[in-house]
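Dear colleague,

I am passing on a structure that I would like you to look through before we discuss it. My notes on what was found in it follow below.

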Amino acid sequence: MRTVLLFSALLLPAVAGAQTRQPPRKPAPPPKPATTPAPAAAAAAAPKLQIPMARITGEVYDSIAPGPLVNATVQFVESANPANVRSARTDSTGTFVLDSMRVGTYLAGVIHEQIDRLGLENRIVQVNIVGSGDLTLSLGLPSPATMLASACAAQGVDMTRGAFMGMVRSARGAPLEGNARVRVQYLETTVTSSGLSRRFPSRFADASPSGAFVLCGVPPEAVITTRAYAGIDSSGVVEFTMPRNGLLVRDLYVANPQRIVKAPTSPTERPQTLLKGSGKVRGIVRDTAGKPLIGARVSVPGTGTEGTSTGGGAFSFVGLPGGSWMVEARAVGFEPRRVAVDFIDGAEAVAELRLDALAPRMDTVQVKADRWTREMGAFEERKKQGGGYFLDDAQLEKRNALFVGDIMRAMPGVTVQPGANGGRDRVLMRGSAGAGSCVPQVFLNGMNTPVPDGVIDGLVSAPEVRAVEVYTRNGSTPPQFQSRNGCGSIVIWTGQRRRPGDR
């Protein structure tokens, strides 16, 4: 009402007959020159320029696993302004999201330890953003076929059928102690005019200074046993199945375990060497239906550690040697199961073992046809003829040795020389005519396999040994195992040992 009243007073006309005195008029002021609006005012008055922004959603796929590449870092670098770097991490589904991406040309790449493990160069993809809206982008690692061709084609066409690659790492998290090497063994079957020929060749791959290794030519779907070494450090003997696509990517951890000699509890027992360290593992044993198994026998072969699963099928071990080892579970009525586990300092490993029920077997028909059937027959025949010293799987199981040197320690004519600075033992023999100690000829599964330093543990591990023949005199050595250096021969047969319940 106040405004309205003021407005009415201004419009009220003069009363008729009333005298009003007009004040003198002042001259009008000169007109002011036109002025330009202030910049701030002009900017406020002008409409704001809308910069187009895009939202990128994508996924990173691991073609080798196969599956999503989790915790990968995806980076976008603007070509016109390299200082403008945008990053995002993939989630459990391999998905990443980047909001508010300006129009422009970017170079996109992926950072992940899997790329370093495979020795891949970071693949750069050019991405052009031309407007606002939602964009999708798929990134990934090369296919197994591409990886095999890249890593193994230079070694020959046959080498591209399969490969085992990864990194040799220290379980202590420290740099490797010396050059690393990986040994792989698998069954190789050859069809000849006389029938099938089976052998277990050992192949080696030298790792790069960073620990990366590639061993080409391993057949797909083969069951391989492998072991890694680096200086005085080593892993246990671990077992893997090659994928159907022919590419197995798996790191191997090495450590130098502490050896503890366990005194015998009876006069018939021999001292037992145990391997110890700071490794820990906990896990659970389940049956075929996934229910926990109580009372299963759980062990870490090659270390002397074993126990029984308790309530809920749980088990746990401490004081294990560092590195990659196998954890094995056995239960009555079930097939044994072994899984590879890494024991790393400062971390507790977790393992789950699912046992399959034994398939029903007919008592009237028993078929046992494997490599050992033929070779064991020849082994027993040579044992009857004499001329050497023999250990079968029953004797080896009773000794429960953790190192090949421990197996050979009690063999006549064999000298086991402890390794320096905690290294592996050397197996030596007395040379012909008493010419001092020398390195014997070693035959692994019938194949002449030179071991120049006498460290047979670098060729095979004690748990793999199923039978041993030792010949100290060339005159009594079978022709196929004759020594060429006059230092005797050691013949080692590998395979899964028969246990009392398997006979």
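In these notes pLDDT is the predictor's confidence in each residue, on a scale from 0 to 100, while helices (H or I, at least four residues) and strands (E, at least two) are DSSP runs numbered from the N terminus. This is a predicted model, in which local features need pLDDT of at least 70 and side-chain atom pairs count only at pLDDT 80 or more, whereas totals for chains, interfaces and linings use all residues. Residues are numbered from 1 along each chain as its sequence is written, and side-chain values use heavy atoms, with hydrogens and water left out.

The average pLDDT of the protein is 80, and 81% of the residues score at least 70. Confidence is highest in strand β19 (residues 252-254), with a mean of 96, and lowest in helix α1 (residues 2-11), with a mean of 30. Over residues 1-23 the pLDDT is below 50, and this stretch has zero contacts (heavy atoms within 4.5 Å) beyond near neighbours in sequence. Where pLDDT is low, the predicted coordinates should not be read in detail.

The protein holds seven helices and 36 strands, and 41% of its 503 residues are buried, a term that stands for under 20% relative accessible area, with exposed meaning over 50% and partly exposed the range in between (1.4 Å probe, protein chains only).

Strand β33 (residues 441-444) runs antiparallel to β34 and is joined to it by two bridges; F443 stands opposite N448 in β34.

E177 lies in the loop between β9 (163-170) and β10 (180-186), and counts as partly exposed because its relative accessibility is 44%. Although E177 and G231 are 54 residues apart in sequence, their C-alpha atoms are 5.1 Å apart in space.

With best regards

Notes:
Two strands pair if DSSP finds at least two bridges between them.
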